[in-house]
Amino acid sequence: MKRQKYDYIVGTGGIGKGVLFQFTDNTTLGRNESRLAELTETRDFCKLHIILHYIAAYTEMRVPIYAIGKIGNDNSGEEILRLMKGRGIDCTYVSTDDSSRTMYSVCFLYPDSDGGNITSKNSASGKMKKSEIDRFFLQELPPGRGIALAAPEVPLEVREELLLKGREHHCYNVASFTSDEMGEAVARHIFAHVDLLAVNLDEMKSLAEAVEEGRKNKPQECYEYLKSQNPEIEFIVTQGGEGAQLFGRNGSERIPAIWKPVNSTAGAGDCFLATIVSGLIYGVPLMENDSKVGLGGLAALASSIKVTCRDTIDFSLDRARLRWEADKLGILFSDKVNRLFLDRK
């Protein structure tokens, strides 16, 4: 059996659930407006759960996956914890806060597939402390080299602590930040401790604005700034229907989107990142000098499958589903994607 490149993954971020309302027209919801919308059956989940679920599905419990988070003492928290444990995620370091509710989101979607969400700021996830990160590294001390994942929806200083501890323990640090966090992230020089940054187009524009007022908000220019913080950093910008761009030591790559009928785009960016991270765990490089489709194309395929699912997690998505969809579409992946990831025994 081939040995993976990384020996464990530890992540922190929001843990919770939500509901989705579907609007009947594309008119943007106004500040003082009340409007009827359809309450859908869509299941919405928070960042850490989404990303770790896909990584667990792809790696099939070959790699220990640890979640560090907080839930409330309520039915929502119990449900999410049951789902995460059932997928093989180690939730030893997910604690319960009796004074707060589990994170909850109200999402809304327009007919053109744009949308947004309102997420509870005063949830249990918002009460995470740096000491909970320290406790993992003091008590667990996993052998080998790991990946540290810092996802949104917990306080920024908690994610910064994970990145600092990850650097101390020689982890490969992966992070993402919301648009309204970019200014503080720049001020705290957090990107010096990040090895892979994943953002969407709006978050990239906020990064550009935070770095220099009036700066042209182009991915290449953002990447140049990031390299000034960490010369080895890799950078992903997801752009919805326009695909994605990857930047790294070996140059850049534009990844076209794969068209599928869209039920919901919510969670597609998280699915893209989780697929990238899973490939890295198995030793697939972010970019290759190969005429065939690489890891970015694999992540685009995963995202295209996800958007056909109305839930923010497509529970049917795994390596076998990726292989089946790739064969159906005639996608020819690189030797490393096939050998190290898709056809791995």
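Strand 9 and strand 10, residues 172–175, pair in the parallel sense, over four bridges. This is a predicted model, so please take what I say as computed from it.

What connects the two strands? With helix 4, residues 156–168, strand 9 and strand 10 make a β-α-β unit, and that unit is right-handed.

Strand 9 also pairs with strand 1, residues 8–12; the sense is again parallel, over five bridges. For a reference point there, L149 in strand 9 stands opposite G11.

Next, is strand 9 buried or exposed? The strand runs over residues 146–150, and five of its five residues are buried, so it is largely enclosed by the rest of the structure. In a regular strand, side chains alternate between the two faces of the sheet. Here, G146, A148 and A150 point one way, while I147 and L149 point the other way, and all are buried.

Now to the surface. Which residues form the nonpolar patch? They are Y104, V106 and I118, and together they have about 260 Å² of accessible area. I118 belongs to strand 8, residues 115–119. Its relative accessibility is 59%, and the cut-off for exposed is over 50%, so I118 counts as exposed.

To recap: strand 9 is largely enclosed, since five of its five residues are buried, and I118, in the nonpolar surface patch, counts as exposed. That's what I have; questions are welcome.

Conventions:
Residues are numbered from 1 along each chain as its sequence is written. This is a predicted model: local features need pLDDT of at least 70, side-chain atom pairs count only at pLDDT 80 or more; totals for chains, interfaces and linings use all residues. Side-chain values use heavy atoms; hydrogens and water are left out. Buried means under 20% relative accessible area, exposed over 50%, partly exposed in between (1.4 Å probe, protein chains only). Two strands pair if DSSP finds at least two bridges between them. A crossover is right-handed if, with the strands pointing away from the viewer, the path from the first strand over the helix to the second runs clockwise. Patches are made of residues with over 30% relative accessible area and no salt bridge: like charges are joined within 9 Å, nonpolar side chains (Val, Leu, Ile, Met, Phe, Trp, Tyr) within 5 Å. Accessible areas come from the Shrake-Rupley method with a 1.4 Å probe; for residues, only the protein chains shown count as cover. A salt bridge is a side-chain nitrogen of Lys or Arg within 4 Å of a carboxyl oxygen of Asp or Glu.
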